[in-house]
Amino acid sequence: MIDAIVIGGAFAGLSAALQLARASRSVLVVDAGQPRNRTSPAAHGVPGWDGVPPADILERFRADLAGYPMVGILRDRVTGISGRIDAFQVTLDQSDRVEARRIILANGVRDILPDLPGLSEAWGRTVLHCPYCHGYEVRNRPLAVLATGPMVAHQAHMLRADWSDDVTLLRNGVEGLDTTALQGAGIRVEDRIPQRVGGADTLKIAFDEGPDMDVTALFVAPRVDLSDTPSVALGVGLADGPMGPYVRTGPMQQTDIPGVFAAGDLATPMWNVNFAVGDGARAGAGCHQSLLFPDFIPALEKEAA
């Protein structure tokens with residue numbers, strides 16, 4: 001029986017696996033090969049890796065793990081998890097079922113982009129999600145923010161304060177926005193409904209009427225989804241974030257199911273490579289501690305129904 005199965009082979013999962021490997025524990029990383037930032041040409045704000053493509057960073061992470069013979073990385077997809085602490089069974093799409101004493105969930109979330117033609121094709125390049133991750137590269141240029149939910153005003157104010165004097169918020173039919181406060185901060189509010197986006201270096205936004213708008217980047221905060229994932233199948237407790245659900249965890253990334261830990265984008269409402277690496281290391285250490293001292297890292301208490 002394997003000491004731990006890590007579901008997800010991106011920044012959080014590989015970081016967790018490294019901690020366990022250095023404790024000489026047997027680890028299997030099951031990776032579906034679909035990291036969330038796979039369309040992004042560069043990861044920014046990552047110390048030592050600023051501006052390096054995410055795929056290149058992950059390749060180095062995997063190379064590091066290759067030096068530990070107790071770690072295996074399997075390209076497959078988890079279709080089910082059952083059992084309990086010290087006796088979990090993980091069903092895979094293309095391989096035999098495997099058993100493990102502990103589970104670390106690090107399989108990320110699914111982005112739900114607005115249904116706007118051209119948006120998904122430009123996602124990660126000229127359609128962006130995070131000023132901290134991408135704002136510096138488009139600073140002092142025309143920017144737009146597409147309204148998708150309650151965080152849109154917050155994002156527009158951030159961009160106007162420190163990244164660009166030329167920021168337009170596209171209301172996109174969303175009601176309840178304080179347009180007076182937005183306009184008072186120097187943010188233009190566009191009431192026309194966008195119909196499609198497209199372009200390479202410059203993004204062209206076409207509306208239901210009137211002229212097109214050219215911007216360097218369009219910022220979009222997507223809704224996220226955990227349905228049909230190992231987290232939901234296992235039944236771990238969830239919390240409501242501003243853009244969707246995430247897995248509730250304790251100080252060492254433990255969930256409310258004994259022996260199950262979670263790290264990365266599925267376990268936080270704030271998404272960043274650095275956060276994923278740190279949370280993965282904490283989950284790996286917490287998992288190891290629970291193998292040594294089962295009562296030392298208790299499961300997170302379940303919330304009252």
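Predicted model: local features only at pLDDT ≥ 70, side-chain atom pairs only at ≥ 80, totals over all residues.
Volumes are the space filled by probe spheres set on the points, which are joined across faces, edges and corners.

Local features need pLDDT of at least 70 and side-chain atom pairs 80 or more, though totals for chains, interfaces and linings use all residues. Residues are numbered from 1 along each chain as its sequence is written, and side-chain values use heavy atoms, without hydrogens and water.

| Space | Volume | Lining residues by type |
|---|---|---|
| Largest cavity | about 40 Å³ | eight nonpolar, three polar, one charged |
| Second largest pocket | about 420 Å³ | 13 nonpolar, four polar, no charged |

In that count, Ala, Val, Leu, Ile, Met, Phe, Trp, Tyr, Cys and Pro are nonpolar, Asp, Glu, Lys and Arg are charged, and the others, Gly among them, are polar.

Among the residues lining the largest cavity are Val109, Tyr246, Asp265 and Trp271. Strand β18 (residues 244–247) gives the most to this lining, with three residues. Strands (E, at least two residues) and helices (H or I, at least four) are DSSP runs, numbered from the N terminus.

What lies nearest the centre of the second largest pocket? His129, Cys130, Met151, Pro269 and Met270 do, out of 17 lining residues. Helix α5 gives the most, with three residues.

Notes. 1 Å grid on protein atoms, 1.4 Å probe; cavity = no way out; pocket = protein on both sides within 12 Å on 5 of 7 lines; lining within 4 Å.
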